[in-house]
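Work through the following exercises with the sequence and the model open side by side. Each task is followed by a solution in steps.

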Amino acid sequence: MNKQTTSGQIRTLRKSKGLSQESLAEMAGINLRTLQRIEAGDTIPRGETLRLLAQALGVDVEMFSANALAASVGIPPAPVVDDPGVLKLLNLSALSLWVMPFGNVLLPLAFWIYKRNTVAGVAEFGKRVLQFQITWTVLTYGIAFTAMFSAFFGHLGMPQFALYSTSALLVVNTIVIIRTHFQIGRRKGRILGLA
């Protein structure tokens, strides 16, 4: 279905769910004439209309985004390929935290943006990786900054705590990344959750 235009995808999904144009328009909260123009290919749904249609059809709006963009400039949409290597690379890119600050967020984000509509599984898996890495970054840098400012203001407390805890978090993050890498290999590209 990824090779269809957005209008074709919407029409196919509507029919597969046994919905009439009237019922889909009502479920999505859009004008019937708008839906008819979309399905006829006379107009390309964007923004809120696309989100409402995706929600009413029970699919992720990202399923349509690459097709809508390609169709708007007259290019046939690119097929989605199954490439577990890209999932592995996206995951391993988070190891850049060892060489550059915030690299564990910035590089996976770049891979996710670049590949989310062309490689199967990247959209969801990338979100999970980014959520985990952002949480880890906030926690780790939060501990380090708290320790730095408490030392600056003379309330040192236990200075080793920041060093030990950030070191432990660094090791835990690395272990999670490596473990996920091997899980992707064993499951041949299925989207995995981070433990």
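**Exercise 1.** State how far apart Glu48 and Arg51 are in helix α4, and describe the contact of their side chains.

*Solution.* Step 1: Glu48 and Arg51 are three residues apart in helix α4, so about one helical turn separates them. Helices here are DSSP runs of H or I with at least four residues, strands are runs of E with at least two, and both are numbered from the N terminus. Step 2: the two side chains form a salt bridge, with an N to O distance of 2.5 Å; the term requires a side-chain nitrogen of Lys or Arg within 4 Å of a carboxyl oxygen of Asp or Glu. Step 3: Glu48 has 45% relative accessibility and therefore counts as partly exposed. Arg51, at 37%, is partly exposed as well. The classes are buried under 20% relative accessible area, exposed over 50%, and partly exposed in between (1.4 Å probe, protein chains only).

The model is predicted: local features need pLDDT of at least 70 and side-chain atom pairs count only at pLDDT 80 or more, while totals for chains, interfaces and linings use all residues. Residues are numbered from 1 along each chain as its sequence is written, and side-chain values use heavy atoms, with hydrogens and water left out.

**Exercise 2.** Which residues of helix α4 are buried, and what is the phi of Gly58?

*Solution.* Step 1: helix α4 covers residues 47-57, and its buried residues are Leu50, Leu52, Leu53, Ala54, Ala56 and Leu57. Step 2: just after α4, Gly58 has a positive phi of about 75°.

**Exercise 3.** How many salt bridges does a search of the whole structure find? Describe the pairs of Arg14 and Lys127.

*Solution.* Step 1: the search finds three salt bridges. Step 2: one of them joins the side chains of Arg14 and Glu39 at 2.6 Å, N to O. This pair links distant parts of the chain, since Arg14 lies in helix α1 (residues 6-16) and Glu39 in helix α3 (residues 32-40), 25 residues apart. Arg14 and Glu39 are both buried. Step 3: Lys127 pairs with Glu124, their closest N and O atoms being 3.8 Å apart. Both lie in helix α8 (residues 122-152), three residues or about one turn apart. Lys127 is partly exposed at 28%, and Glu124 is partly exposed at 33%.

**Exercise 4.** How many helices and strands does the protein chain have, and what share of its residues is buried?

*Solution.* Step 1: the chain has nine helices and zero strands. Step 2: of its 195 residues, 35% count as buried.
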